[in-house]
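Me: Could you walk me through one part of this model at close range? I'd like its surroundings spelled out, and then some wider context.

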Amino acid sequence: IMFLVLAFAQPYWKSSENLITTGIPHKLMYFDASYSMQQEGEQGALINQAKLMAKDVVESSDQTARWNLINSAANDSRHWFLAPEAVENISTISVDGSSMTGTALTEKARQLLEERSRSAGEVHLFSDFQKSTYSNLSFLTDTQLQFRLYPLNASVVRNLSIDTAWF
């Protein structure tokens, strides 16, 4: 009876065959550059907290890894950096009001990895995860990419404004 149930259930066991486990690891970082990242957190502006966290991640990872810093702009870098160069380039990241949805980030990451003949990679995502941008988290189920999420929270939320007051 068990074999009959399994035959009709069509079970799926996740295989790691398509993941590259040898060679130089390729990792990507995405920084949310939306204006909400200018809000103050426990240790200053959220974007600065993200930079500090990112530098720690790079410095504590495999020093032979290649890093790509993805941004939302059309002119984003196609350069892959070693750890010391990646740390230097992280310092140049700034808020420009742009952000990328999870689906767009997944497509961009796949494209960059494909250009390097890689079928899998790791994506480090630094964001305050605004609902307008990250309401759908289905991109996290991608089997070729491993996502590492670094949520940043503002100390005080400043989204209150008064348009009109009547007396």
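Which residues does R148 touch, leaving aside those up to four places away in sequence?

Reply: Happy to! R148 touches E122, V123, H124 and L125, not counting residues up to four places away in sequence, where contact means heavy atoms within 4.5 Å. Bear in mind that this is a predicted model, in which local features need pLDDT of at least 70 and side-chain atom pairs count only at pLDDT 80 or more, while totals for chains, interfaces and linings use all residues. Numbering runs from 1 along each chain as its sequence is written, and side-chain values use heavy atoms, with hydrogens and water left out.

R148 lies in strand β6, residues 145–151; strands are DSSP runs of E with at least two residues, helices runs of H or I with at least four, numbered from the N terminus. One of its contacts, E122, is 26 residues from R148 in sequence, yet their C-alpha atoms are 7.4 Å apart. R148 is partly exposed because its relative accessible area is 36%, between the limits of under 20% for buried and over 50% for exposed (1.4 Å probe, protein chains only).

For wider context, consider pLDDT, the predictor's confidence in each residue from 0 to 100. The protein averages 81, and 78% of the residues score at least 70.
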